[in-house]
Amino acid sequence: MNLVGMLGKMVLSNAMSRGGGGNLLGSLLGGAQQGGMGGAGGGLGGMLGSLMGGQTGGTQQPGGMLGQILGGQGGQAGGGAGGLGGLLGQAMGMNQQQNQPQMQAPAASQNDQAAIMIRAMVNAAKSDGQIDEQEQQNIVGKLGGDIGAEEAQFIRNEMAAPLDVNAFARTIPQGMEQQVYLVSLMAINLDNKAEAVYLDQLAKCLNINEQQSNQLHAELGVPQLYS
């Protein structure tokens, strides 16, 4: 099961959606509202373009807490070689090269990290209500006809599962906490109380304090949770 490749499909689908703000699964459905992450360089797609140097041709990554998480620097922010930026860069590259027969399959550890990131995105999207069966079908359809049966079933299972932030947090390896929080934040518009409550619960479960949360929100240009 190639979850790294599916993560890339999810990211690319959001990046190609011009009206979706930062709500990843809402963009896949075609129903996301304006606002939210739109102010942070075009949502997840804009951030990826920045961290990978895609917009300017350079290699400089964002600084501060965001740069640490994306680049895998600074202790807990790492969680894997290359940080979150490295994993997402590989995921997107895997989709761009999907027609090359000699493309290497992702390592088990990379698939495990991708699974956690996908769960983080789906859980964030479910924070203001469960995703019904029709929405599930639409999302899987938007991911493309070449998605494998195992990958499609994985995403359906995650969308249908009850939201349990505490249980999810217990599955996150040490060192990936800030990456998971970042991906969760970037997958929603953060425009209602339910989403804010979910992020607050997630931050507490991941031992991310109020100052760290506010700093990351400020760097992304989205509303802060704490005053």
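## Terms and basis of the model

A residue is called buried when its relative accessible area is under 20%, exposed when that area is over 50%, and partly exposed in between, as judged with a 1.4 Å probe and protein chains only. The structure described here is a predicted model, in which local features need pLDDT of at least 70 and side-chain atom pairs count only at pLDDT 80 or more, while totals for chains, interfaces and linings use all residues. Residues are numbered from 1 along each chain as its sequence is written, and side-chain values use heavy atoms, with hydrogens and water left out.

## Overall make-up

The protein chain has twelve helices and zero strands, where helices are DSSP runs of H or I with at least four residues, strands are runs of E with at least two, and both are numbered from the N terminus. Of the 227 residues of the chain, 51% count as buried. The accessible surface, computed by the Shrake-Rupley method with a 1.4 Å probe, comes to about 10,300 Å², and 46% of this area belongs to carbon and sulfur atoms.

Contact here means heavy atoms within 4.5 Å. Among the contacts between residues at least 6 apart in sequence, 70% join residues that are at least 24 apart. Met 10 has its place in helix H1, residues 3-15, and with 0% relative accessibility it counts as buried.

## The nonpolar core

In soluble globular proteins, nonpolar side chains tend to be buried together. A nonpolar core is taken to be a set of buried Ala, Val, Leu, Ile, Met, Phe, Trp, Tyr and Cys residues joined through side-chain atoms within 4.5 Å. The largest such core in this model has 56 residues, and those with the most contacts inside it are Leu 7, Ile 118 and Leu 182. Helix H6, residues 108-126, gives the most to this core, with nine residues.

Leaving aside neighbours within four places in sequence, Leu 182 is in contact with Leu 66, Ile 69, Leu 70, Leu 84, Leu 216 and Leu 220. Leu 66, Ile 69 and Leu 70 are among the buried residues of helix H4, together with Met 65, Gly 67 and Gly 71. Six of the eight residues of H4 (residues 64-71) are buried, so this helix is largely enclosed by the rest of the structure.

## Helix H12 and its ends

In helix H12, which covers residues 210-220, the buried residues include Ser 213, Asn 214, Leu 216, His 217 and Leu 220. These residues lie on the same side of H12, because they cover an arc of only 165° around the axis, the arc being that of the directions from the helix axis to the C-beta atoms.

At the start of H12, a side-chain oxygen of Asn 209 reaches to within 3.1 Å of the backbone nitrogen of Gln 211. After the helix comes Gly 221, whose phi is positive, near 75°.

## Salt bridges

Side chains of opposite charge can pair when their charged atoms come close. With a salt bridge defined as a side-chain nitrogen of Lys or Arg within 4 Å of a carboxyl oxygen of Asp or Glu, the structure holds two. One is formed by Arg 119 and Glu 158, whose closest N and O atoms are 3.0 Å apart. Arg 119 lies in helix H6 and Glu 158 in helix H8 (residues 149-160), so the pair ties together parts that are 39 residues apart in sequence. Arg 119 is partly exposed, at 26% relative accessibility, whereas Glu 158 is buried, at 14%. Not counting residues up to four places away in sequence, Glu 158 touches Val 122 and Lys 126 as well as Arg 119.

In the other salt bridge, the side chains of Asp 200 and Lys 204 meet at 2.5 Å, N to O. Asp 200 and Lys 204 are four residues apart in helix H11, residues 193-205, and are therefore separated by about one helical turn.

## Positive phi in two loops

Leu 190 has a phi near 50°, a positive value in a residue other than glycine. Its place is in the loop between helix H10 (177-186) and H11, and Leu 190 is buried, with a relative accessible area of 10%.

Asn 207, which is also not a glycine, has a positive phi of about 60°. This residue lies in the loop between H11 and H12, and at 66% relative accessibility Asn 207 counts as exposed.

Terms used:
A polar contact is a pair of N or O atoms within 3.5 Å; within protein, one must be able to donate a hydrogen and the other to accept it, and residues adjacent in sequence count only if both atoms are side-chain atoms.
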